[in-house]
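Here are my notes for you, written as a colleague would pass them on. Please keep the model open beside you as you read.

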Amino acid sequence: MRTGGPAMAAPEESLRRRKVGNAGAEPGSPSGPGPGCDPTGYSARLRAGTFWLTRIVLLRALAFIYFVAFLVAFHQNKQLIGDRGLLPCRTYLKNVQQYFRGPVSWDAVSYAPTVLWLLDWSHMDSNLDALALLGLGVSSFVLVTGCANIVLMATLWVLYMSLVNVGQIWYSFGWESQLLETGFLGIFLCPLWTLSRLPTGTPPSQIVLWGFRWLIFRIMLGAGLIKIRGDRCWRDLTCMDFHYETQPVPNPAAYFLHQSPWWVHRFETLSNHFLELVVPFFIFLGRRMCILHGALQILFQVVLIISGNLSFLNWLTMVPSVACFDDATLGFLFPSGPGGLKDRVLKLQEEAARGARPPLQYGCMVRRAVHVALGILVAWLSVPVVINLLSPTQVMNTSFNPLRIVNTYGAFGSITKERTEVILQGTASPNASTPDAVWEDYEFKCKPDLRAQRVDHPPGRQAPGQRRHSCVPTGPQPFQGQGAPQVGPGRALQVQVQPPWGPARCCRQVVGPQEDRPLLPPTQPPRPRGLLPVTGVAVPRTGVEAAPGLCTEE
């Protein structure tokens, strides 16, 4: 019995060490290879349930979206809402000021929160550029270093909110509010001042992580419900017969997906319903199902990116899905080795397993109180959002407060069956009503080239055949150096997407025109006076509510 005891105990001890190693053994333990010897095995030893690495991935992903958003703002805001923009934000702010009868007041600021109230309006282009450049600088720092604190993330949120709340219709497509809500949650992921990728004194809050999960749950469920309640083709499983051609910006892959057999389109529609109506509930079914939810939603967004172009919406939707993964799941994204992030996280996990917790300090207590208050705030602001989700008259892409902290979401509640392109024309002629006025097209990025097979009718009251036929300019400004042109009311052209190498593409176009018709009357009705509503924000206090159906496909 004495000789058999150690022999029998050895396998038990070996098994015990293997179990401990799988749960998070020390790097030098004999239960597995040392750091850097086996990256796969090293990653597997990270315990589940901590989110140190998750926070780094989340912050970098969010910083990337901010960078793209501010880059777009820097390139487009002057033309859209600048001093000579299509909808100048200076005029909008003056309308808000006049609506509340007086100088800048708390009512005006709370209605349209923006730091532009504090700046000089005589150089609005410079103000818009300054906000965009500052946002680019801060987001670049977070993206490159992976370090962030509350000050930096709050700065990004305030800067982008300042642009959204004066952007009017140009910032009403849903992803702006979604970025603001995602960015607001990102503020509370970080320590107050510390700039470190692994601030050991500030572990990621479970409340904030559940805030991200609650966000992706509402995004996907809202998109699924608006489809079931909206266009009948979603219930008939025929929407994908049209979607690839009529989506905002089809890409080369969209043509081939559009040519798929009918049963493939039916499968795509059913898969869409499963991912948007069933998979979101996986979040509440434990760790493994939550990880499966995150993986499926990210894969879904990748497919959407491949098949079209919805700006940064799909990339942004991936960000809250990252909160579904813990350190053990995301460990493969980080290099192994002593002193690395995974090694440091492993040591933090071991200290927590041994019960070696630092004493509770005053700052930690304040931070926990703030996170609890955040959870209560999100729950309170979610009440009208949940009511909207359960309502048969669901509204998508709408906020119930100007800060856009908790919003409603939805996408493609209706599917356009025919693709129509808008043609904008202008003339530098002194008198646009004369028959000899020469009209030229404004060409835009991501728009089909319609120059070769167009029915050629000038806008308004112009006689046919007076438009310039030779060398239509390809730039956005065909009247450079000719003074301010007069813009016509525009026309609509029904088009059909062509393959990348088809005859239309060989003639430098991507569509075949079928119909040309006036889009607007020659003279438009006068602009209504009074307050222009904040697009996408419902404000019961003033009785102003933006029409959520401005763009039903966003």
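**Notes on the model**

1. Let us begin with one tryptophan. W262 sits in helix α13, which covers residues 262-277; helices here are DSSP runs of H or I with at least four residues, numbered from the N terminus. W262 is exposed, at 58% relative accessible area. Exposed means over 50% relative accessible area, buried under 20%, and partly exposed in between, using a 1.4 Å probe and protein chains only. The C-alpha atom of W262 is 7.4 Å from that of D241, although 21 residues separate the two along the chain.

2. Before going further, a word on the source: this is a predicted model, in which local features need pLDDT of at least 70 and side-chain atom pairs count only at pLDDT 80 or more, while totals for chains, interfaces and linings use all residues. Residues are numbered from 1 along each chain as its sequence is written, and side-chain values use heavy atoms, with hydrogens and water left out.

3. D241 returns in a salt bridge with R266 (3.1 Å, N to O). Because R266 lies in helix α13 and D241 in helix α11 (residues 240-246), the pair ties together parts 25 residues apart in sequence. A salt bridge here is a side-chain nitrogen of Lys or Arg within 4 Å of a carboxyl oxygen of Asp or Glu. D241 is partly exposed, at 22% relative accessibility.

4. How many salt bridges does the count come to by this rule? The count is nine. Another one of them joins E276 and K227 (3.3 Å, N to O). This pair links helix α13, where E276 lies, to K227 in helix α9 (residues 206-229), 49 residues apart. Both E276 and K227 are buried.

5. Now for the cysteines. The whole structure holds one disulfide, a term for two cysteine sulfur atoms within 2.5 Å. The disulfide joins C233 to C239, with 1.7 Å from S to S. Its torsion about the S-S bond is about 65°, so the disulfide is right-handed. C233 is buried at 4% relative accessible area, and C239 is buried at 0%. C290, by contrast, is in no disulfide; its nearest cysteine sulfur belongs to C324, 3.8 Å away.

6. Finally, look inside. The largest nonpolar core has 104 residues, and Y66, M153, Y160 and L179 have the most contacts within it. Such a core is a set of buried Ala, Val, Leu, Ile, Met, Phe, Trp, Tyr and Cys residues joined through side-chain atoms within 4.5 Å. Helix α3 (residues 52-81) gives the most to this core, with 15 residues.

Methods:
Helix = DSSP H or I, 4+ residues; strand = E, 2+ residues; numbered from the N terminus.
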